[in-house]
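Q: I am new to this structure. Can you walk me through how to read its features, one at a time?

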Amino acid sequence: MLIRFFLMLRAAGVPVSITEFLALLEALEARLIGLSAEDFYWVARTVLVKDERHYDRFDRVFAAHFRGAQDLFEALLASEVPADWLRKDFELSLSPEEKARIAALGGWDALMETLRKRLEEQKARHQGGNRWIGTGGTSPFGAHGYNPEGVRIGGETAGNRRAVKVWERREFANLDDSVELGTRNVKLALRRLRRFARQGATEILDLDGTIDSTARRAGLLDIRMVPERHNAIKVLLFLDIGGSMDDHVRICEELFSAARGEFKHLEYFYFHNFVYESVWKDNRRRHGERTTLARVMHTYGQDYRLVVVGDATMSPYEIIQPGGSIEHWNEEPGAAWMKRLLASYPRHVWLNPEPRERWEFTPSIRITRELFEDRMYPLTLAGLDRAMRTLQ
Amino acid sequence: MNSPLNRFEGSDSYVATGELALAVNAAITLGRPLLVKGEPGTGKTQLAEEVARALDTPLFEWHIKSTSKSQQGLYEYDAVSRLRDSQLGDERVKDIANYIVPGMLWRAFESGRRAVLLIDEIDKADIEFPNDLLRELDRMEFYVYETRQLVKARERPIVFITSNNEKELPDAFLRRCFFHYIRFPDSATMEQIVEVHFPGLKKSLLAEALSAFYRIRDVPGLKKKPSTSELLDWIKLLLAEDIPPEALRADEAKSSIPPLYGALLKNEQDVHLFEQLVFLNRRAGRPG
């Protein structure tokens with residue numbers, strides 16, 4: 001019985017492993033708790049769940065598992081059945097062009113995967129009660145004429161048996177994913193770009209140097225100190241902000257905060273859509289306090305690595321035409337400025353949060369890629385990893 | 001099964017909810033480290049102190065900083081003083097063991113009785129830090145290379161680890177821990193907590209203070225919500241200044257800022273936001 005519970009937890013996305021499952025059995029064997037469902041709930045949660053973001057998922061599975069077969073069926077429905085069920089209905093209403101577009105987005109399975117995630121998210125936000133999926137929140141699907149109205153996922157609240165109450169309350173519903181700090185993986189990827197050097201105040205003992213020097217002085221102690229090792233890599237980060245980048249704010253924030261923690265020498269500037277004669281550091285005062293690109297190139301030397309983050313999705317005129325900028329009149333085209341920038345910083349990459357499949361269909365991305373001589377990488381962990389290798 | 005000394009039920013100066021006590025007892029019985037998270041000021045660090053006091057065992061605290069290395073918790077080899085002693089011809093220099101300085105983990109292992117070990121704010125350290133402690137926490141032993149000696153815990157210490165969520169912890173590490181998230185106490189628990197700290201507080205003052213406190217916590221968009229420890233500070237101030245309960249009453253507080261709010265709101269944007277809300281309330285509440 002508990003094995004099924006364990007498997008259901010895994011299916012619901014709570015990362016539990018066999019070690020933890022065995023620990024739970026151990027806890028039961030140690031007679032840690034009496035014959036109380038509520039105690040069992042607390043102990044199981046303590047042992048199996050390692051992150052408060054997963055408390056809500058745990059509560060749902062717990063409720064489903066210990067409530068009876070009917071609800072179990074509904075939980076299964078939530079996690080597996082709709083994909084096939086919906087597909088038939090869905091395909092009928094698609095034109096051949098739309099089908100092609102879906103294929104470009106990574107095919108059916110990827111699309112359904114996204115949908116499933118959306119559904120999960122949406123469930124997490126609706127606290128308790130009914131969980132009907134509306135058309136509103138699932139925008140990309142709405143555009144294709146997808147209408148999941150009437151698909152009910154999850155059950156109603158069970159009766160007011162006292163013992164079930166704790167997990168039925170679902171108090172951690174709004175904690176699910178709200179404290180996301182998923183920068184750990186990003187940081188590990190950024191670590192590829194490390195070059196240690198000793199600079200600054202001499203703070204730590206140089207053991208080899210001390211032994212060497214002491215031996216030279218015939219055993220008379222001569223302590224040598226060296227500065228601590230720091231990551232000496234210098235990074236110049238240009239971030240596209242506003243407009244179409246609003247969809248990617250979260251991943252950019254993650255990247256930014258990880259980079260801040262990882263690189264000691266990090267300079268960052270913002271731009272909108274494409275780089276022209278000036279950039280800025282503070283979005284609230286972007287019209288007042290700008291830094292000219294010439295000044296940036298004079299201030300930061302060639303040893304800086306240039307990382308540009310942007311979706312490069314705009315009208316091609318914004319890149320190749322004088323006066324093409326949507327915000328001001330630019331005497332010279334953005335491409336000219338970008339070429340100067342790339343010449344000043346021979347080690348450069350462009351990180352693009354748009355999915356790779358779309359790159360081919362957006363002319364402005366093609367142009368930018370040519371400018372960067374193909375050093376454009378998707379803003380995913382794998383892409384970041386490759387980008388960091390290129391920069392090394 | 002369990003002797004009373006092996007169970008923790010809260011103490012006269014610390015209110016543990018049933019779920020917290022259960023988590024602590026699970027960790028004690030099964031000998032796993034307990035990872036405690038929760039909003040700042042909900043008594044994570046205090047938990048270890050109170051458990052040590054309640055079970056009457058020694059407490060070893062290892063406070064983690066951004067520069068902490070896992071080795072510092074095990075032992076450090078003081079090469080510099082050995083070198084110096086060798087210059088001075090000290091006899092001690094012959095034995096390397098004289099220059100091994102045990103860290104908190106070692107001291108907890110060596111403690112004759114079962115000890116409580118607190119690893120405080122583990123998320124402050126480098127992201128690889130928890131990974132370096134896997135074996136030590138799992139097997140409760142480590143090897144001292146300098147003296148070729150295996151240090152093994154005589155009695156598995158009770159390990160508490162606190163985290164403020166500044167960094168994510170690695171999965172391998174999490175798998176070895178039990179986990180408890182200290183939820184922000186509801187007002188009934190809060191009354192108990194205040195009672196423990198200020199016994200015999202006037203009922204009227206307590207009720208008004210608590211309702212003012214939860215009202216502030218409910219203000220949307222606060223950068224730093226006031227927590228239990230701040231409430232306790234605030235009540236201490238209210239008592240010291242002898243503020244009457246009437247001054248905190250809801251209808252008045254709605255149109256004014258609670259006295260001594262500096263103990264609750266720790267940042268000027270929050271104070272500003274709160275003042276604005278109070279101002280809006282006052283305008284809305286004006287008859288007319």
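Q: How many residues of chain A are in contact with chain B?
A: The size of an interface is often given as the accessible area lost when the parts come together. Here we count residues instead. In this predicted model, 27 residues of chain A are in contact with 27 residues of chain B.

Q: Which elements give two or more residues to the side of chain A that touches chain B?
A: Look at helices α2 (18-29), α3 (37-48) and α11 (183-190) of chain A.

Q: How do the residues on that side of chain A divide into nonpolar, polar and charged?
A: On the side of chain A that touches chain B, 15 are nonpolar, eight are charged and four are polar.

Q: Now the packing of helices. At what angle do α1 and α4 of chain A pack?
A: Read the angle together with the distance between axes. Helix α1 (residues 2-11) of chain A packs on helix α4 (residues 55-65) of chain A at about 140°. Their axes are 10 Å apart. The crossing of α1(A) and α4(A) is right-handed.

Q: Which residues make the contact?
A: From α1(A) come A:F5, A:M8 and A:L9. From α4(A) come A:F58, A:V61 and A:H65. Five residues of this contact are nonpolar, one is polar and none is charged.

Q: Next, the nonpolar cores. Which residues of the largest one touch the most other members?
A: That core has 75 residues, and B:L34, B:V51 and B:V116 touch the most other members.

Q: What does B:V51 touch, not counting residues up to four places away in sequence?
A: B:V51 touches B:F8, B:V24, B:V116 and B:I158. A second, separate core has 41 residues, including A:F238, A:V308, A:L379 and A:L384.

Q: Why does A:N273 count as buried?
A: Count its C-beta neighbours. A:N273 counts as buried because it has 25 of them inside 10 Å.

Q: Where does B:M140 lie, and what is its phi?
A: B:M140 lies in the loop between α6 (134-139) and β6 (141-144) of chain B. Its phi is near 55°, a positive value in a residue other than glycine.

Q: Is B:M140 buried or exposed?
A: B:M140 is buried, because 20 other C-beta atoms lie within 10 Å. The cut-off for buried is 20 or more.

Conventions: Residues numbered from 1 in each chain as written. Chains lettered and ligands numbered in written order. Predicted model: local features only at pLDDT ≥ 70, side-chain atom pairs only at ≥ 80, totals over all residues. Contact = placed C-beta atoms within 7 Å. Helix = DSSP H or I, 4+ residues; strand = E, 2+ residues; numbered from the N terminus. Nonpolar A, V, L, I, M, F, W, Y, C, P; charged D, E, K, R; others polar. Buried ≥ 20, exposed ≤ 12 C-beta atoms within 10 Å, placed from the backbone. Axes fitted to C-alpha atoms, helices over the stretch in contact; angles between N-to-C directions. Left-handed = near helix turned anticlockwise from the far one by under 90°. Core = buried A, V, L, I, M, F, W, Y, C linked by C-beta atoms within 7 Å.
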